[in-house]
Every structure is written in C-alpha cells, then in structure tokens.
Amino acid sequence: MKRWKILKIMENTAKISDKKNQTIILTGMMGAGKSTVGSVLSRKLKLGFIDLDTLIEKTQKLSIPEIFKLYGEEKFRDLECQTICGIEPGQKLVISTGGGIVESKKNIEKLRQIGRIYYLSAPCEVLYERIKDDTKRPLLMTKNPKNTLKEILRRRSARYECADFKIKTENKTAKEIVDEIVEIYEKINS
C-alpha cells in the first residue's frame, strides 16, 4: 500500500477516535450514581446531557415501572436499543444509561460507536444501601431484593468490565467521581 494511503487511513481513524472521545457514556448497576454523576459532569465539562431512562419515560409518557408492568422487561430493553440507536456518534455529550443496557450485545456495540464507556463500579452491599428504599426499581420488586441485586450484578459484571474505563465509586462523593472522569477525559482529548 502506498504511503499516502496509509497516512490517509490513519488520519481518518484519528478523526473518528477524536469524535468518539468527546462523548462520555456512564454504565453501571442501579445505585452506582450514573444520573447524579452524569448531570454534574455535563455541567462541569459544558457538554449536553442525556439520561436514557428519563428520555424513554418522556417519549413513552410512562414511568419505567409502568413500562415494566404494562409491557415487561423485554419491551423496555427494545426501547433502550431504539433510543441509543437514535444518538449519532461525534456529539459532545454525557450519556447516563440504565443499568441493564449491557444486557444486549447490540447495545454495547452501539455505545462503543458513540463514545467512550465509563463503568461506575461499587460492591453489591454499597449499591443496596444506596437504593434499598427506592420503590421505583422494578427489577427489585422481589421477596429478597438484596439477593436479586447480587444476582443481577453477577450476571452483568463481565459486560460492565468491558468498559474503556472503570471508576470505583465506593466512599467517594459525586464531585470526586466527576473529577476522576474529567481527568481521564482531558487526557484523551488533549
């Protein structure tokens, strides 16, 4: 292959990579802090903010628990997929995903096209303490929500770990988590 063709390919790859670096995608279990951190992070970096769950609720005119009750989890996962497929790569955004977005390989592939994935991680006990009184978590409406949470985390763990960056959130404030993400973001965009 001629040298100029190789340089052109490298140049195009760099442009795609630069655009990809400008979108921050937050994944993690319920209670990891995705919505809170995402909101603060978007303001700090002056980026747009999309909370996927909130966007789905607005477009469907139903709450997440209502969607689960009326249509089931499978329909909700389809709505997640449709919503992220509507987001174009190359935008300067912070996207807070629902905890189960990683259940679908197609969703993960689409997220990778849109931006860099940051996994907000915390142990099950910490997550449970953060959400134990939240009645808007349809997957935890079971006889033993703590065990259910543990099982969901076990099932999703490997998919979360495939993120570009892992941020441990235990014993950290939202500001500390945001500062850690900003540091990474600035390094990859400098």
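Modeller: What follows is a set of questions about labels, each answered with a value and a cut-off.

Modeller: Keep in mind that this is a predicted model.

Colleague: What makes up the protein, in helices and strands?

Modeller: The protein has nine helices and five strands. Read from the N terminus, their order is α-β-α-β-α-α-α-β-α-β-α-α-β-α. Of its 190 residues, 41% count as buried. Among contacts between residues at least 6 apart in sequence, 73% join residues at least 24 apart.

Colleague: Why is the packing of H7 and H8 called oblique?

Modeller: Helix H7, residues 124-131, and helix H8, residues 145-160, pack at an angle of about 130°, and their axes are 10 Å apart. The crossing of the two helices is right-handed.

Colleague: Which residues make the contact between H7 and H8?

Modeller: H7 contributes Cys124, Leu127, Tyr128 and Ile131, while H8 contributes Pro145, Lys146, Leu149, Lys150 and Leu153. By class, seven residues of this contact are nonpolar, none is polar and two are charged.

Colleague: What makes Cys124 count as buried?

Modeller: Its relative accessibility is 7%, and buried means under 20%. Cys124 therefore counts as buried.

Colleague: How do you know that Cys81 is in no disulfide?

Modeller: The search of the whole structure finds zero disulfides. For Cys81, the nearest cysteine sulfur is that of Cys85, 4.1 Å away.

Colleague: Why is Lys46 called exposed?

Modeller: Exposed means over 50% relative accessible area. Lys46 has 74%, so it counts as exposed. Lys46 sits in the loop between helix H2 (34-45) and strand S2 (48-51). It has a positive phi of about 55°, although it is not a glycine.

Colleague: And what makes Asn171 exposed?

Modeller: The cut-off is again over 50%, and Asn171 is at 75% relative accessibility, so the label holds. Asn171 lies in the loop between strand S5 (165-168) and helix H9 (174-188). Its phi is positive too, at about 60°, and Asn171 is not a glycine.

Colleague: Why is Ser42 called buried?

Modeller: Ser42, in helix H2, has a relative accessibility of 7%. Buried means under 20%, so Ser42 counts as buried. Leaving out residues up to four places away in sequence, Ser42 touches Leu47, Gly48, Phe49 and Val94.

Colleague: What makes Ser121 buried?

Modeller: Ser121 belongs to strand S4, residues 116-121. Its relative accessible area is 11%, against a limit of under 20%, and therefore Ser121 is buried.

Colleague: Which residues does Ser121 contact, apart from neighbours within four places in sequence?

Modeller: Those contacts are with Lys166, Ile167, Lys168, Thr169 and Glu170. As for Met29, 92 residues away along the chain, its C-alpha atom is separated from that of Ser121 by 7.5 Å.

Notes. Residues are numbered from 1 along each chain as its sequence is written. This is a predicted model: local features need pLDDT of at least 70, side-chain atom pairs count only at pLDDT 80 or more; totals for chains, interfaces and linings use all residues. Side-chain values use heavy atoms; hydrogens and water are left out. Axes are lines fitted to C-alpha atoms, for helices over the stretch in contact, and angles run from 0 to 180 degrees between N-to-C directions. Helices (H or I, at least four residues) and strands (E, at least two) are DSSP runs, numbered from the N terminus. A crossing is left-handed if the near helix is turned anticlockwise from the far one by less than a right angle, and right-handed if clockwise. Contact means heavy atoms within 4.5 Å. Ala, Val, Leu, Ile, Met, Phe, Trp, Tyr, Cys and Pro count as nonpolar, Asp, Glu, Lys and Arg as charged, and the others, Gly among them, as polar. A disulfide is a pair of cysteine sulfur atoms within 2.5 Å. Buried means under 20% relative accessible area, exposed over 50%, partly exposed in between (1.4 Å probe, protein chains only).
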